[in-house]
Amino acid sequence: MKKPLVGALFAVLLLGAGTAPATAATSHDAAAPSTVKAAASSSHAAVKAKTRTKAIGFAGTVALSNCSGSVVRTPGSQPNDPALVLSNGHCMESGFPGPGEVVRDQPSTRSFTLLNSAGSGVGTLRASKIAYGTMTDTDISVYQLTSTYAQIESSYGIKALELNTAHPVQGTAITVASGYWKRTYKCNVDGFVYRLKEGEWTWKDSVRYTSACQTIGGTSGSPVIDNATGKVVAVNNTGNEDGQRCTDNNPCEVDENGQVTVRQGINYAQETYGIVPCIVAGNKFDLNAAGCALPKP
């Protein structure tokens with residue numbers, strides 16, 4: 001994992017500053033398209049994306065005490081529903097959940113600093129509970145807030161980011177927007193990993209970035225945003241730092257045949273489209289809902 005706090009503090013020392021960068025500056029240029037050819041439909045989508053790219057800022061992202069996150073909604077979420085914040089399972093204040101562990105409806109009073117498009121903090125949001133959290137198959141936490149979407153928009157003029165309902169597409173231009181660092185990383189979806197193994201955890205069908213997205217500690221939980229649609233397609237969570245094989249902070253890729261590949265310096269995210277079927281009326285999690293495949297307690 002991109003260690004939520006220790007890695008971030010180390011990066012601060014490297015920057016020679018006592019606090020996180022205060023300006024919303026793009027830290028990397030967009031990467032060149034992946035050398036691996038996508039399917040014809042994927043190529044067509046990539047061409048369309050170049051002509052319809054949205055300006056991706058920080059509006060709707062949040063800073064946690066140790067990680068990044070974002071206020072998110074599904075296509076079915078309503079203005080008066082309690083708002084949701086998406087981050088990583090390894091960012092939860094209760095610590096890393098073990099393999100097979102699922103957190104459901106755990107009370108929480110965690111606070112989040114809400115950012116505007118320029119990366120300035122405009123207010124504090126507060127959780128009522130961790131609605132869902134796990135590091136099994138994926139690495140996500142979803143907090144339910146004490147505020148509704150309508151209240152957030154009325155108070156701060158900021159709308160939630162929408163979760164995309166479809167699987168990400170290879171070659172898509174993306175932005176990883178870190179509320180913790182107030183920094184964006186721009187690259188492309190390089191491909192997908194059948195199994196991503198790190199220490200005792202294993203994640204399924206993970207997103208691999210092209211090399212331009214050199215995310216650091218504190219970027220954990222950042223939304224991965226499709227530049228063409230402005231929708232969230234994944235949540236940033238890890239990268240291979242030292243070239244080690246399948247150890248903590250050094251995830252390895254495992255294919256369908258068990259072949260292991262190590263890519264030092266490459267970073268990864270977990271897809272989020274699978275969250276959508278699990279959220280029903282009132283923004284409640286129903287793990288038995290049709291199409292919901294998230295791990296159950």
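Predicted model: local features only at pLDDT ≥ 70, side-chain atom pairs only at ≥ 80, totals over all residues.
Trainee: What about contacts between residues at least 6 apart in sequence: what percentage join residues at least 24 apart?

Mentor: That percentage is 69%.

Trainee: Let us turn to aromatic rings. How many aromatic pairs are there?

Mentor: The count is four aromatic pairs. One of them joins tyrosine 132 and phenylalanine 285 in a stacked arrangement, with 5.4 Å from centre to centre and 10° between the planes.

Trainee: Which strands do tyrosine 132 and phenylalanine 285 lie in?

Mentor: Tyrosine 132 belongs to strand S7, residues 121–134, and phenylalanine 285 to strand S19, residues 284–285. The pair therefore ties together parts that are 153 residues apart in sequence.

Trainee: Are tyrosine 132 and phenylalanine 285 buried or exposed?

Mentor: Both tyrosine 132 and phenylalanine 285 are buried.

Trainee: How is the pair of tyrosine 180 and tryptophan 181 arranged?

Mentor: That pair is edge-to-face, because the planes of the two rings stand at 75°, with the centres 5.2 Å apart; planes over 60 degrees apart count as edge-to-face.

Trainee: Why does tyrosine 180 count as it does for burial?

Mentor: Tyrosine 180 counts as buried because its relative accessibility is 15%, and the cut-off for buried is under 20%. Tryptophan 181, at 0% relative accessibility, also counts as buried.

Trainee: Which charged end sits over the ring of tryptophan 181?

Mentor: The charged end of arginine 183 does, at 5.8 Å from the centre of the ring.

Trainee: A change of topic: where is proline 99 found?

Mentor: Proline 99 is in the loop that runs between strand S4 (82–87) and strand S5 (102–107).

Trainee: Why is proline 99 counted as partly exposed?

Mentor: Its relative accessibility is 47%, so proline 99 counts as partly exposed.

Trainee: Leaving out residues up to four places away in sequence, which residues does proline 99 touch?

Mentor: On that basis, proline 99 touches Thr136, Glu200 and Trp201. As for threonine 134, its C-alpha atom is 8.4 Å from that of proline 99, and the two residues are 35 residues apart along the chain.

Definitions and conventions
Residues numbered from 1 in each chain as written. Heavy atoms only, no water. Helix = DSSP H or I, 4+ residues; strand = E, 2+ residues; numbered from the N terminus. Buried < 20%, exposed > 50% of the residue type's maximum accessible area, 1.4 Å probe, protein only. Contact = heavy atoms within 4.5 Å. Phe/Tyr/Trp six-rings, centres within 6.5 Å; stacked < 30°, edge-to-face > 60°. Lys NZ or Arg CZ within 6 Å of the ring centre and 35° of its normal.
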